[in-house]
Amino acid sequence: MNKDQFKRAIDQVEPPVEMKERVKRYVENAAKNQQRAGESMRITKMLPKRFGAVAAGFLILALAGGIYYGWEQRNATPHAIGPEPTTTTGQLAPSGTSTPGSVHLPKLELPKETGPLMDMIGLFVYKGRIYTQTASSLAPERAKDLLGEKVGRTTGGIDEWSKQSDYATELASTIGQSDIYSVQGYDESFRLMTYDLVDGQVYAQLYENLNDRSLVKGEDLFGLLGLKNEVTSAEYVTFSNWNQGENHRTTVANRSAVDEFVDALYEAKPLDRKAYLDTDLYSEENGQAFLHLVLKDGTDVELRLFQQGYVSYGFADVLFKVDGSAFENLWKELMQL
Amino acid sequence: MSEVTSRPDDRFTQNYEAYGTMLYRISLLTLGNTADAEEAVQETFVKLLYQAPAFRDPEHEKAWLIRVITNHCRSQRRGIWHSRVQRMENLEEWLPAVRQPDRPILEQVMLLHRRYRIVLYLHYYEDYSVKEIADLLDIGESAVKMRLKRGRELLRLELEEKEA
């Protein structure tokens with residue numbers, strides 16, 4: 001394949017003719033709503049029969065527990081932030097390995113069917129565990145300091161067409177070939193990193209295994225991240241800023257509010273995130289913010305905060321309900337920045 | 001562009017003709033299915049018409065749009081369906097419109113990880129430099145180089161390496 005062939009292939013990708021009219025109606029509807037509601041831009045989705053189209057044209061398959069819960073549970077989800085969903089073992093942990101009151105992050109599963117296109121997250125297999133992309137990052141200049149032992153080199157090999165057995169292949173990955181190292185100060189069964197030199201530059205990325213774990217309280221996750229007493233600075237990014245790609249960070253000066261929040265995170269109650277995905281929690285852009293906690297070792301941990309007192313981390317299918325006063329104090333602080 | 005108006009028809013048509021296809025390609029390459037891609041385009045046009053800053057020139061506007069839609073796609077992927085539940089679409093849903101001999105090439109492209117797809121698209125189709133892509137996607141230049149390198153390897157692309 002050469003560049004001309006690549007360009008010619010991309011040239012073939014054209015939006016459907018009728019899309020222009022649908023987008024136009026959507027934009028017009030947004031204008032009316034804007035006039036009606038001032039700054040509020042809450043608008044009804046115009047995409048026709050979105051979920052019907054999904055049912056007809058797509059296969060929704062699960063990398064993780066989705067296959068266990070199915071459409072019935074999704075459809076039953078109320079479209080408002082309701083009472084906290086039950087977090088009993090039976091509903092949340094199909095393997096039955098969690099304890100009552102906990103949230104079980106299920107073991108990654110590959111869809112049984114292959115053939116259709118599946119967009120995948122970055123992951124690799126090591127010692128039978130699957131490590132995936134994470135919301136924590138490490139500056140290249142600090143990565144070398146945390147470099148532990150080399151545990152292997154990924155082989156690639158997993159793609160949208162892989163079978164379940166491919167996931168059992170040690171060091172198979174979706175990220176091509178890369179050297180894998182342990183990370184000093186972190187449990188190897190939880191966190192590893194890829195570390196490569198390209199044209200003399202370090203390229204390091206953290207991967208984490210948060211699968212097949214039962215979380216009884218925040219410490220079960222945030223303890224793995226090593227947040228307590230390790231935060232050197234905290235920075236805030238508004239949702240709008242994050243969404244528009246600027247990622248402008250503002251330092252949170254009130255350290256006691258941050259420390260209090262981190263302490264409360266460890267005691268926070270885990271909830272099944274899937275039960276909240278169709279609620280207003282995710283659609284209220286003004287009610288969300290991103291908090292970056294920079295640790296002594298240079299790790300940058302990104303947390304997603306929801307005004308109602310919830311916190312999520314990366315791809316983990318869990319929300320944490322944080323103690324009211326600790327969360328509110330921090331949220332007020334952020335809103336003043 | 002940043003003024004709020006109740007009659008965006010004219011501006012919409014002009015902007016759609018200029019950017020609609022590019023935005024659709026980016027979102028389709030990133031999200032992998034047509035329904036989500038169209039939704040991303042809708043949201044991006046709303047932002048363009050009502051929330052955009054004053055642009056210095058067309059290039060500034062184009063870069064802003066790419067940032068907005070890639071961030072929207074990123075947000076979408078972190079959201080309801082894409083964090084652990086993966087949406088899959090049969091290529092037959094939209095590939096029939098693609099003629100031979102380009103179809104197998106596009107199939108290969110779509111089988112790449114989305115991170116490689118979008119970087120390859122911006123570099124080899126939109127002709128953005130490594131630095132420009134790093135700015136657009138808010139990632140390091142070394143990450144862009146790495147993704148280009150791996151994307152080329154996976155596609156067995158015989159592309160010139162004008163990445164600087």
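**Figure 1. The buried side of helix 9 of chain A.** In helix 9 of chain A, the residues that count as buried are Ala257(A), Val258(A), Phe261(A), Val262(A), Ala264(A) and Leu265(A). Because the arc that they cover around the axis is only 165°, they lie on the same side of helix 9 of chain A. The structure shown here and in the other views is a predicted model. The face of helix 9 of chain A that is turned away from this buried side carries Arg255(A) and Ser256(A), both of which are exposed. The partners against which the buried residues of helix 9 of chain A pack are helix 7 (219–225), strand 14 (231–238), strand 19 (310–312), strand 20 (318–321) and helix 11 of chain A. Helix 9 of chain A has 13 residues, which at 1.5 Å a residue should span 18 Å, and the separation of 19 Å between its end C-alpha atoms agrees with this.

**Figure 2. The crossing of helix 9 and helix 11 of chain A.** Helix 9 (residues 255–267) and helix 11 (residues 324–335) of chain A have axes that come within 8 Å of one another and cross at roughly 140°, and the crossing is left-handed. On the side of helix 9 of chain A, the contact is made by Ala257(A), Val258(A), Glu260(A), Phe261(A) and Ala264(A), which meet Ala326(A), Phe327(A), Asn329(A), Leu330(A) and Glu333(A) in helix 11 of chain A. Sorted by class, the residues of this contact comprise seven nonpolar, one polar and two charged.

**Figure 3. The loop of chain A that holds Asp212(A).** Chain A as a whole has 11 helices and 20 strands, and buried residues account for 38% of its 337 residues. Within chain A, Asp212(A) is found in the loop that runs between strand 12 (201–208) and strand 13 (213–215). Its phi is near 55°, a positive value in a residue other than glycine. Most residues other than glycine have a negative phi. Asp212(A) has 17 other C-beta atoms within 10 Å, and therefore counts as partly exposed.

Figure 4. Chain B contains seven helices and one strand, which follow one another along the sequence in the pattern α-α-α-β-α-α-α-α; of its 164 residues, 53% count as buried. Leu28(B) belongs to helix 1 (residues 9–31) of chain B and is buried, because 24 other C-beta atoms lie within 10 Å, where 20 or more are required. When neighbours within four places in sequence are left aside, the contacts of Leu28(B) are with Val13(A), Thr34(B) and Ala37(B). The C-alpha atom of Leu28(B) is also separated by 9.6 Å from that of Arg114(B), although these two residues are 86 residues apart along the chain.

**Figure 5. Glu126(B) and Asp127(B) in a loop of chain B.** Glu126(B) is placed in the loop between helix 5 (114–125) and helix 6 (130–137) of chain B, and Asp127(B) lies in the loop between helix 5 and helix 6 of chain B as well. Glu126(B) has 16 C-beta neighbours inside 10 Å and so counts as partly exposed, whereas Asp127(B), with 10 other C-beta atoms within 10 Å, is exposed. The phi of Asp127(B) is near 60°, which is a positive value in a residue other than glycine. Although Glu126(B) and Met22(B) are 104 residues apart along the chain, their C-alpha atoms are separated by 9.1 Å.

Technical notes
Residues numbered from 1 in each chain as written. Chains lettered and ligands numbered in written order. Predicted model: local features only at pLDDT ≥ 70, side-chain atom pairs only at ≥ 80, totals over all residues. Axes fitted to C-alpha atoms, helices over the stretch in contact; angles between N-to-C directions. Helix = DSSP H or I, 4+ residues; strand = E, 2+ residues; numbered from the N terminus. Left-handed = near helix turned anticlockwise from the far one by under 90°. Contact = placed C-beta atoms within 7 Å. Nonpolar A, V, L, I, M, F, W, Y, C, P; charged D, E, K, R; others polar. Buried ≥ 20, exposed ≤ 12 C-beta atoms within 10 Å, placed from the backbone. Expected span 1.5 Å × (residues − 1). Arc of directions from axis to C-beta.
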